Amino acid sequence: MILSKNVFSFLILFFSSLVLFSSCKDDEDPIIPNEEELITTLTYTLIPEAGGNAVILSFKDLDGEGGTAPTITGGTLAANTVYNGSIDLLNEIESPAESITAEIEEEDDEHQFFFATTGGLNATVAYADTDGTNPVGLKTKVTTGEVSQGKLRITLRHEPTKTASGVSDGDITNAGGETDIEVEFDVTVE
């Protein structure tokens with residue numbers, strides 16, 4: 001019986017110690033991950049290098065994913081022309097609208113845009129900005145060829161592997177990361 005009381009006392013002491021140690025709290029603040037921003041509006045402004053009217057491609061989805069379908073406006077580019085492009089991103093659910101562009105500029109090493117043409121669109125997109133080493137894509141040069149039409153897809157990746165094969169050339173295949181926004185615009189070259 002004495003052995004049982006000793007075992008019983010030991011177990012009580014052991015479990016009391018566990019409760020005491022598990023109730024101690026670490027005074028360090030928890031690490032809060034960088035939450036993804038809501039992007040409701042993407043505007044891609046293309047200005048002809050030789051002068052002329054700007055072409056504005058736009059995406060607007062004021063209620064976010066789901067709900068009402070977004071409004072997407074494509075555009076017509078002139079054949080055999082070079083355009084200076086700039087992307088502006090907003091969260092218009094906030095009042096006043098929050099500039100996501102400013103956040104991407106601050107965290108440019110964690111973001112990269114990718115551009116792809118489909119459907120026979122005769123246009124190429126080249127990066128015109130970097131994070132100091134690798135491309136970002138807020139600024140671009142778009143060069144059109146002969147008359148054509150198709151789609152221009154713009155994808156923004158958060159935390160891509162910028163040093164992976166082909167990524168600095170704009171190939172999304174090995175980029176990894178999370179897609180913040182992806183939009184396809186109907187584009188005509190005439």
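Predicted model: local features only at pLDDT ≥ 70, side-chain atom pairs only at ≥ 80, totals over all residues.
A pocket, as I use the word in this notebook, is an open set of grid points with protein on both sides within 12 Å along at least five of seven lines.

**Entry 1: the largest pocket.** I then asked which residues lie nearest its centre. Twelve residues line the largest pocket, and those nearest the centre are Leu38, Ile39, Glu65, Asp180 and Ile181. When I sorted the lining by class, I counted six charged, four nonpolar and two polar residues. The element that gives the most to this lining is S11, with four residues, and I noted that strand S11 spans 178-189.

**Entry 2: strand S1 and its partners.** I next asked how many of the eight residues of strand S1 are buried. Six of them are, so S1, which covers residues 41-48, is largely enclosed by the rest of the structure. I followed its pairing to strand S2 (residues 55-60), which runs antiparallel to S1 over six bridges, and I noted Lys60 in S2 as the bridge partner of Thr41. Six residues lie between the strands in this hairpin of S1 and S2, and there Gly51 takes a positive phi near 100°. S1 also pairs with S5, again in the antiparallel sense, over eight bridges, and in S5 the bridge partner of Ile47 is Asn84.

**Entry 3: backbone angles.** Most residues other than glycine have a negative phi, and most peptide bonds are trans.

- I found a cis peptide bond from Ser95 to Pro96, with omega near 0°, and I placed Pro96 in the loop between strand S5 (82-91) and strand S6 (98-99).
- Asn80 is not a glycine, yet its phi is positive, near 50°; I located Asn80 in the loop between strand S4 (75-77) and S5. With exposed meaning over 50% relative accessible area, Asn80 counts as exposed because its value is 51%.
- Glu159 is likewise not a glycine and has a positive phi of about 55°, and I placed Glu159 in the loop between strand S10 (148-158) and strand S11. Its relative accessibility is 49%, so Glu159 counts as partly exposed.

Entry 4: Finally I asked where Glu110 lies. I found Glu110 in the loop between helix H2 (100-106) and strand S7 (111-118), and at 25% relative accessibility I recorded Glu110 as partly exposed. Although 48 residues separate Glu110 from His158 along the chain, I noted that their C-alpha atoms are 5.8 Å apart.

Key: Residues numbered from 1 in each chain as written. Heavy atoms only, no water. Helix = DSSP H or I, 4+ residues; strand = E, 2+ residues; numbered from the N terminus. Buried < 20%, exposed > 50% of the residue type's maximum accessible area, 1.4 Å probe, protein only. 1 Å grid on protein atoms, 1.4 Å probe; cavity = no way out; pocket = protein on both sides within 12 Å on 5 of 7 lines; lining within 4 Å. Nonpolar A, V, L, I, M, F, W, Y, C, P; charged D, E, K, R; others polar. Pairing = 2+ DSSP bridges.
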